[in-house]
Amino acid sequence: MKTQEYIALEEQYGAHNYHPLDVVIHTAQGVWVTDVDGKKYLDCLAAYSAVNQGHCHPAIRKALLEQADRVTLTSRAFRNDQLPLFYKMLHDLTGYDISLPMNTGAEAVETAVKAARKWGYTVKGIPDGKAEIICAADNFHGRTTTVISFSTEPQYKNGFGPFTPGFPIVPYGDIAALKAAITANTAAFLVEPIQGEAGIIVPPEGYLKEAARLCKENNVLLICDEIQSGLGRSGKMFAFEYEGIRPDAVIIGKALSGGFYPVSAVLSSKEVLGVFKPGDHGSTFGGNPLAAAVACAALKVLVDEKLIERSFELGAYFTEKLRTIKSPHVKQVRGRGLWIGFVLDTKARPYCERLMDEGILCKETHDCVIRFAPPLTITKEEIDWAFERIDKVVRSMD
Ligand SMILES: *Cc1c(COP(=O)(O)O)cnc(C)c1O
């Protein structure tokens, strides 16, 4: 079958909740993907950072296949011999007391919201039904009904109400606004250390540090959504490390799977996650042995291959190169690590389409920003290869 036939099938039989580039991927390895016509592309999106380790990483693949031959799903009604190792690895790598595994990012955010609310009632003493979780404007935390309740993007909400109450919104990066929003009923402040979907927005220096201080002072939990920023993407294990803080809870997902199988988790203290008693919360697939084995392998690759350090170094290299592109349409090149927002003064989609013709896959975010976020396994030579093409395309659009 040819590209156009696959696209026709998808358009006819699928819901149209995405507007993908018209490339039909057939195989992938490392940073490269190949379409059904045999054309190769450099993947500069890395599935929104779910494949930080590179496509079809052999070590993660091996873990998946070996575990698939043994046992894949037990449900949490019984124990399995992989989940304990996953818990231990998360603890050893991050220092957080305990964790709670789920599948998708949005589910882990929901889990953090439930934990924060219950902590608010049972530990902080907030009156029943009054708990508030402060969120930042332009956030992205997923697509479930409660999670979109605190989105400020009209398109994410229109037609999907009524919404879950209890989520005051403050401008991102505005510490005075956060201070003013905290009340006796505030259970938590939920924030992305760098806003990904908003266009890779790095907050003003000191913002997270001050937010952490305010939270502590007011007995409010600081919860960082590191689903996209975490696990090496920003050049650190967690983006909050740039501010030397330690949030009360951290949400991870995406690259925790190495792109093989959905895995997410909330990391926190015994005090916070300890609010869950048997039966309070759960998921049929959460913590299953296949997911646990895959996640352990995915984390091990990040560490063994020094992908976090690599992201830091090559991110700086790539960013500096992109800043040399001379075009009146380029407003800013920003980001951290191999997570780069290339900000234009015009629609980014046509640029992405031209880049696709040149063999580079990337996706616009918020109309005018191109996100460059290749797998962290990318080499300097591959960055040079990409740069030549990006430079050519950007200048050809002037
Ligand atoms: C992708 C993302 C989510 C949602 O994850 P899903 O697996 O798509 O549910 C939540 N928060 C952030 C910051 C994300 O980038």
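Predicted model: local features only at pLDDT ≥ 70, side-chain atom pairs only at ≥ 80, totals over all residues.
Me: How many bridges join β1 to β2?

Reply: Two strands pair if DSSP finds at least two bridges between them. β1 and β2 run antiparallel. They form a hairpin with two residues between them, and Gly-30 in the turn has a positive phi of about 65 degrees. The bridges joining β1 to β2 number four.

Me: In the hairpin of β2 and β3, which residue takes a positive phi?

Reply: β2 (residues 32-35) and β3 (residues 40-43) pair in the antiparallel sense over three bridges. In β3, Thr-34 has Lys-40 as its bridge partner, and Val-33 has Tyr-41. Four residues lie between the strands of this hairpin, and phi is near 90 degrees at Gly-38.

Me: In β13, what is the bridge partner of Leu-42?

Reply: β3 and β13 run parallel, joined by two bridges. The open sheet has the order β1-β2-β3-β13, with mixed pairing. β1 (25-29) and β13 (360-361) are its edge strands, each pairing on one side only. The partner of Leu-42 in β13 is Ile-360.

Me: What is the strand order in the open sheet with antiparallel pairing?

Reply: The edge strands are β11 (330-335) and β14 (363-365), and each pairs on one side only. Neighbouring strands are turned by 30 degrees against each other on average, direction ignored. β12 (residues 340-344) and β15 (residues 369-372) run antiparallel, joined by four bridges. The order of the four strands is β11-β12-β15-β14.

Me: At about what angle to β12 does helix α12 run?

Reply: Helix α12 (residues 307-323) lies across β11, β12 and β15, where contact means heavy atoms within 4.5 Å. Axes are lines fitted to C-alpha atoms, for helices over the stretch in contact, and angles run from 0 to 180 degrees between N-to-C directions. To β12, helix α12 runs at about 15 degrees.

Me: How do the residues of the shell around the ligand divide into nonpolar, polar and charged?

Reply: The shell takes residues with a heavy atom within 4 Å of the ligand; among them are Thr-104, Phe-140, His-141 and Glu-192. Ala, Val, Leu, Ile, Met, Phe, Trp, Tyr, Cys and Pro count as nonpolar, Asp, Glu, Lys and Arg as charged, and the others, Gly among them, as polar. The shell divides into three nonpolar, five polar and three charged.

Me: How much of the ligand's accessible area does the protein cover?

Reply: Start with the polar contacts (pairs of N or O atoms within 3.5 Å). An oxygen atom of the ligand lies 2.8 Å from a backbone N or O atom of Gly-105, and a nitrogen atom of the ligand is 2.6 Å from a side-chain N or O atom of Asp-225. A polar side-chain atom of Lys-254 lies 2.7 Å from a ligand oxygen atom. Of the 390 Å² of accessible area that the ligand has on its own (Shrake-Rupley method, 1.4 Å probe), the protein covers 80%.

Me: Is the peptide bond from Gly-161 to Pro-162 cis or trans?

Reply: Pro-162 is found in the loop between α7 (154-157) and β6 (169-170). Omega of the bond is near 0 degrees. The peptide bond from Gly-161 to Pro-162 is cis.

Me: What is phi of Ile-200?

Reply: Ile-200 sits in the loop between β7 (186-191) and α9 (207-217). Its phi is positive, in a residue other than glycine. The value for Ile-200 is near 60 degrees.

How values were computed: Residues numbered from 1 in each chain as written. Heavy atoms only, no water. Polar contact = N/O pair within 3.5 Å; in protein donor to acceptor, adjacent residues only side chain to side chain.
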